[in-house]
Amino acid sequence: MAKFQEKTEQRTTEYVDFAEGPHEAKIARAKLSHSKDSKVEMIVLRIVGEDGESGFFNIVFGDEFGVEQLMFVLTSIKHNGFDIPEEIDWDYNQETVDFLKGKDVYIYVKNEVYQGNTSGKIKRILTQDEYDSFFEE
C-alpha cells in the first residue's frame, strides 16, 4: 500500500492528438454533461487510440441531430463486433453512458487551427463502410 505524499510540483499531463484521417479507437470514458451555458444536454466521450492519442467527441441532445449522432456511435460500435441491446432507452441517460464506456469505434479526425495552434479534432464517428472507404484504391 502506498503512503500519502503531498504533491508540490505542477502536474505534467500531456495529451497526444490523433493525426488527421481515419482511426480505430476506443471510448475510454463517457459522461453526462451540459454546455457551458447549461442549456444543452450532452454526452461527452473521451476517445483514445492505440498509440496514446486522445480526444473528445460530444453527442449534443435537444434535436433530432443528437439522436442521429448517437445512432452513428452505436452503429460504429456494432460494426466493431458488439451487440446493441434493444431494451436500452437510447437517450441522454446513465444507462446509455454506461453502455458506451470501453467500446471500440471508428473515427475521422481533421486538423484545425485555433489561436495559432494546429490540433486534431474528432469530427465524426464512422461506420465500417465509411472507414473502409478511406483505404480503397
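## The largest pocket

Strand β5 (117-126) gives the most to the lining of the largest pocket, with four residues, and β3 and β5 each supply at least two. The model is a predicted one, in which local features need pLDDT of at least 70 and side-chain atom pairs count only at pLDDT 80 or more, while totals for chains, interfaces and linings use all residues. Residues are numbered from 1 along each chain as its sequence is written, and side-chain values use heavy atoms, with hydrogens and water left out.

The largest pocket holds about 230 Å³ of space, and its lining includes Tyr 15, Asp 17, Phe 56 and Lys 121. A pocket here is an open set of points on a 1 Å grid over the protein atoms alone, where a 1.4 Å probe fits, with protein on both sides within 12 Å along at least five of seven lines, and lining residues have an atom within 4 Å of a point. The lining divides into three nonpolar, four polar and two charged residues, where Ala, Val, Leu, Ile, Met, Phe, Trp, Tyr, Cys and Pro count as nonpolar, Asp, Glu, Lys and Arg as charged, and the others, Gly among them, as polar.

Strands and helices are DSSP runs numbered from the N terminus, with at least two residues (E) for a strand and at least four (H or I) for a helix.

## Aromatic rings

Five aromatic pairs are present in the structure, a pair being two rings of Phe, Tyr or Trp (its six-membered ring) with centres within 6.5 Å, stacked if their planes are under 30 degrees apart. The rings of Tyr 106 and Tyr 131 count as stacked because their centres are 4.4 Å apart and their planes lie at 20°. Tyr 106 belongs to strand β4 (residues 104-114) and Tyr 131 to helix α3 (residues 128-133), so the pair ties together parts that are 25 residues apart in sequence.

Both tyrosines are buried, Tyr 106 at 7% relative accessibility and Tyr 131 with a relative accessible area of 10%. Ring pairs link Tyr 106, Tyr 131 and Phe 135 into a cluster.

Notes:
Phe/Tyr/Trp six-rings, centres within 6.5 Å; stacked < 30°, edge-to-face > 60°. Buried < 20%, exposed > 50% of the residue type's maximum accessible area, 1.4 Å probe, protein only. Points joined across faces, edges and corners; volume = space filled by probe spheres on them.
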